[in-house]
Amino acid sequence: MEFEIKINGNPLTELVPIEPAKVAIIFYHGFSSSKERTLFRARILCNLGYYVLLPEAIGHGLRRHEMEVDYSKPDRHFWDILIKTITESPDLINYLCKKRGFKPNQIVFAGHSMGAMAAAGVFVKSPMGKLAMFNGGLDYCALADYYNRIFTKYDDKTRQEIMDKIRYYSPKEFLSKLENRDMLLIDGDKDVMVPTKYNEAVIKSLAPFFKDKSRLIYTVLHRTTHEMTIKSFEIFHNWLQEVMKDEQ
């Protein structure tokens, strides 16, 4: 079943499987996308038995009127949208726990591209849940620098303003808060929007925080660009079945 709902006035799509779900997935869409364009992914997950909540990012879809956005490049608005998505998320967590009856550790923060980065930003600020990232970076500052070199070419002052703003939300700056928590990251080896070298560097720094190495899964799919594939869904579903065994 699918429902259009609002939380604090913001539109979301809620997908509820026929059988009572033991896992709730908040799935954040990417830059220039929308919850409507992400609905097919959510339907696949719902058909697999998961409850799914699709937020709409500011400047996108039904919230496009709230911010004027240049979708051709990840400029400074990209980071404003990302931060806004992160700061709105506690209301979604509260809805799932108080209105839908999910336990905190039954919640999975997931997303693609910018949505994956938002999921990671929410995850690092929340002492609960699991994280699944598809083609998104854990190091906001490294990606901001990369985007500035190839897309925006801001002057030093503007670049520093962006860095100062996003550093507080970047998971790379809070590795200890990720210690021994269930994380799945899937990247594509041909992805030029989020090159694998950025997550590879963070994973290397993060590894000492994991006594149980099985809780940190990083997979790079061959011949894959900035996209979610059938293989991604297969890995995601199998991972969920494993990490959620004790939560159901």
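What is the relative accessible area of R149?

Analyst: Happy to! Keep in mind that this is a predicted model. R149 has a relative accessible area of 44%, so this residue counts as partly exposed. That class runs between the buried cut-off, under 20%, and the exposed one, over 50%.

Now look at the partner of R149. The side chain of R149 meets the side chain of D145 in a salt bridge, with 2.7 Å from N to O. Both residues belong to helix α4, which covers residues 140-152. They sit four residues apart, and that is about one turn of the helix. D145 has a relative accessible area of 23%, so D145 is partly exposed as well.

E4 has 55% relative accessibility, so E4 counts as exposed. K35 has 4%, and therefore counts as buried.

Next come D80 and K165, again joined by a salt bridge of 2.7 Å, N to O. Here two helices are linked, with D80 in α2 (residues 76-99) and K165 in α5 (residues 156-166), 85 residues apart in the chain. D80 is partly exposed because its relative accessibility is 22%, and K165 is partly exposed too, with a relative accessible area of 33%.

Salt bridges can also join up into a group: R63, E66, K84 and E88 form a network of them.

R41 is buried but has no salt bridge. The nearest side chain of opposite charge belongs to E227, and that is 8.1 Å away. What R41 does touch, leaving aside neighbours within four places in sequence, is F27, H112, M228 and F233.

Finally, step back to the whole chain. It contains seven helices and eight strands. Its radius of gyration is 17 Å, close to the 18 Å that the globule rule gives for 248 residues, so the chain is as compact as a globular protein of that length. Along the principal axes, the C-alpha atoms fill a box of roughly 55 × 45 × 35 Å. Buried residues make up 56% of the 248. Among contacts with a separation of 6 or more, 73% involve residues 24 or more positions apart.

As for charge, there are 35 positive and 32 negative side chains, and the centres of the two sets lie 2 Å apart. The accessible surface comes to about 11,500 Å², with 51% of it belonging to carbon and sulfur atoms.

To return to where you began, R149 is partly exposed, and its side chain meets that of D145 within helix α4.

Notes: Residues are numbered from 1 along each chain as its sequence is written. This is a predicted model: local features need pLDDT of at least 70, side-chain atom pairs count only at pLDDT 80 or more; totals for chains, interfaces and linings use all residues. Side-chain values use heavy atoms; hydrogens and water are left out. The radius of gyration is taken over C-alpha atoms; the globule rule is 2.2 Å times the number of residues to the power 0.38. Buried means under 20% relative accessible area, exposed over 50%, partly exposed in between (1.4 Å probe, protein chains only). Contact means heavy atoms within 4.5 Å. Accessible areas come from the Shrake-Rupley method with a 1.4 Å probe; for residues, only the protein chains shown count as cover. Lys and Arg count as positive and Asp and Glu as negative; His and the chain ends are not counted. The place of a charge is taken as NZ of Lys, CZ of Arg, CG of Asp or CD of Glu. A salt bridge is a side-chain nitrogen of Lys or Arg within 4 Å of a carboxyl oxygen of Asp or Glu.
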